[in-house]
Amino acid sequence: MTNASTAPLGEIMTARLTDALSPSHLEVINDSHHHAGHMGDDGTGESHWTVVVESAAFAGLNRVARQRLVNRALADLLATRIHALAIKARVPGE
């Protein structure tokens with residue numbers, strides 16, 4: 001597991017989502033540069049993110065349930081280090 005105190009946030013998010021969802025496709029995109037100086041910008045350059053995740057774990061789940069699985073995997077980071085997270089969650093083949 002990636003050390004949460006020293007690793008870049010994108011690496012931590014990738015490890016957490018991989019462990020929780022075993023994705024067939026995963027993109028963790030740092031959007032923070034688009035929000036520099038805006039509300040929620042903490043100056044770290046790691047505050048605003050998009051995740052694109054494709055996983056069989058989402059089969060049979062609606063959009064909200066899929067987002068909840070992602071949020072659960074990143075819960076402590078959402079409470080402390082992530083200001084904004086856009087989620088694109090799909091099953092393979094969608």
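This is a predicted model: local features need pLDDT of at least 70, side-chain atom pairs count only at pLDDT 80 or more; totals for chains, interfaces and linings use all residues.

Before I look at any helix, I note how one is called: helices (H or I, at least four residues) and strands (E, at least two) are DSSP runs, numbered from the N terminus.

Residues are numbered from 1 along each chain as its sequence is written, and side-chain values use heavy atoms, with hydrogens and water left out.

**Overview.** I counted 3 helices and 3 strands in the protein. Along the sequence they come in the pattern α-β-β-α-α-β. I then looked up burial (buried is under 20% relative accessible area, exposed over 50%, partly exposed in between, with a 1.4 Å probe and protein chains only). Of the 94 residues in the protein, 32% are buried.

I checked contacts too (heavy atoms within 4.5 Å). Among those between residues at least 6 apart in sequence, 60% join residues at least 24 apart.

**Helix α1.** Which residues of α1 are buried? I found L9, G10, I12, M13, A15, R16, L17 and L21. Their cover includes the strands β1 (25–30), β2 (48–54) and β3 (84–90), along with α2 (63–73) and α3 (75–80).

**α1 against α2.** I took axes as lines fitted to C-alpha atoms, for helices over the stretch in contact, with angles from 0 to 180 degrees between N-to-C directions. The two axes come within 9 Å and cross at roughly 125°. α1 and α2 are therefore oblique to each other; under 35 degrees would be roughly parallel, over 145 roughly antiparallel and 65 to 115 roughly perpendicular, with the rest oblique. On the α1 side, R16, L17, A20 and L21 make the contact, and on the α2 side L69, V70 and A73 do.

Next comes S22, in the loop between α1 and β1. Most residues other than glycine have a negative phi. S22, though, has a positive phi, near 40°. Is S22 buried or exposed? It is exposed, with a relative accessible area of 58%.
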